[in-house]
Amino acid sequence: MIKLPQWDDSLINKYNISGPRYTSYPTALSLESGYTQADLVDAIAHSDTRALSLYIHIPFCHQLCYYCGCNKIITRHQSKADVYLDHLELEIAAQAPLFKAYQVEQLHLGGGTPTFLTTAQMSRLVTMLEQHFTFTPAAQRGIEIDPRSLAEDMLPALKTLGFNRVSFGVQDFNDQVQAAVNRPQQIAEVLSLLKQARELGFKSINMDMIYGLPHQSVESYRDTIAQLIELGPDRVSVFNYAHLPDRFAAQRKLKEADMPNAKEKLAIFKQTLTQMSDAGYQFIGMDHFAKTDDELAVAQRHNHLHRNFQGYTTHGNCDLLGLGVSSISQIGNAILQNEKDLRPYYQAVTERHSAIHKGVKLTRDDEIRAAAIKQLICHFELDKATFAAEHDLDFDDYFADALTALKPLAEDGLVDLTEQRIEVTAKGNLFIRIICMCFDAYLQQQIKNTRFSRVI
């Protein structure tokens, strides 16, 4: 189990820089245009698994949340979802035959707001997927939910359609914060939905929270997390809000003067970590918590945890196929992304029945570095001999650059380096993204071209 972080203000001030979240390596910033359906076919041929995770992107939302940086379309016109499903059906019909030998172990609907769909539209989508793909009997089926706009009959419908995991986007329970980000909701509504989900027998309930929003304080967020703990979700994500108004126009509606400063944000997260740990949640890493009997926590304790574009997961054996606008796939030796905007996506699917637009082919070096980063970001330790044997290399020689980059971090007590192991310390686990950056061969060019979120 990961050691609980030890706080050192001087180290936090020194290392609280921006960096990738490493849901993949290379990161999505390394994707280049010019990739097509032929690259997907080639990637499948190079894959050594026939287990599949499906991700479906539903881009629509009824209302704009000012903090949001997701790929979304704000609309009240429900018919737009029918048009989207028409095109998604074309894409599914074209892609699914390539995966006849696969069995789907995991399905996740994200967005946007997947429950923008009506129950009839949701049934149509699931029927399409089941007609074209083979699902295992015990497949995980998860969906992201906005509690404020959920139709009264949606949770029972989802259960009937085989969904067994739900993730509620809550963000904060404070009325002033909710008003500032244009996302008012009542805790009673969330409690009612959570109770209904449990009565219906959903296997896992997740809640997403955000810290760093306007009007949040140590005191207000303490109350929010106390209310969250009382609700008792199985998993909790507490994300650090990244204020990037130059990239996301909606964020310009938020006043930076109303946001907690860097020191206050750190105090909020430190307090949250203490509250969640005292309540019996296992700190998975970065910003994730899970009850100790949750399979995510169990997988981490048994060194089976994985990380992909959906975050921490137990399905490390699966290829990932993304369907819908902006979706990303990771198949075999390739990462491939669909068109990011709706009109080009529609045109591509109509003309070519495939919306693949960008991608990257993984080299052997990419795969080796990805394995090292995954091991560290999931388990916070790496056995050199085991890794060297698995990848047929001399660890210290191959990663000479990374070990050199790690030395200053070791001198500051963030990581222990020995002849046998790399082990992240209690001081260092807050900075796991920085530790992983030492293994990133693409990073310097990416830093020049983009802005990442801060590591804490």
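Predicted model: local features only at pLDDT ≥ 70, side-chain atom pairs only at ≥ 80, totals over all residues.
1. Start with strand β6, residues 135–145. Eight of its eleven residues are buried, so the rest of the structure largely encloses this strand.

2. On one pairing, β6 joins strand β5 (residues 103–111). The two run in the parallel sense, with five bridges between them.

3. Helix α4 (residues 119–132) belongs to a β-α-β unit with β5 and β6. The unit is right-handed.

4. The length of α4 checks out. Its 14 residues, at 1.5 Å a residue, should span 20 Å, and the end C-alpha atoms are 20 Å apart, so the two agree.

5. Which residues of α4 are buried? They are Gln121, Met122, Leu125, Val126, Met128 and Leu129. Viewed down the helix axis, the buried residues fall within an arc of 155°, so they line one face of α4. An α-helix has 3.6 residues a turn, so residues three or four places apart point the same way.

6. Ala120 and Gln131 are exposed, on the face of α4 turned away from the buried side.

7. What do the buried residues of α4 pack against? Their contacts include both strands of the unit, β5 and β6. They also pack against β2 (51–58), α3 (79–95), α5 (154–160) and β14 (319–323).

Methods. Residues numbered from 1 in each chain as written. Heavy atoms only, no water. Buried < 20%, exposed > 50% of the residue type's maximum accessible area, 1.4 Å probe, protein only. Helix = DSSP H or I, 4+ residues; strand = E, 2+ residues; numbered from the N terminus. Pairing = 2+ DSSP bridges. Right-handed = clockwise from strand over helix to strand, strands pointing away. Expected span 1.5 Å × (residues − 1). Arc of directions from axis to C-beta. Contact = heavy atoms within 4.5 Å.
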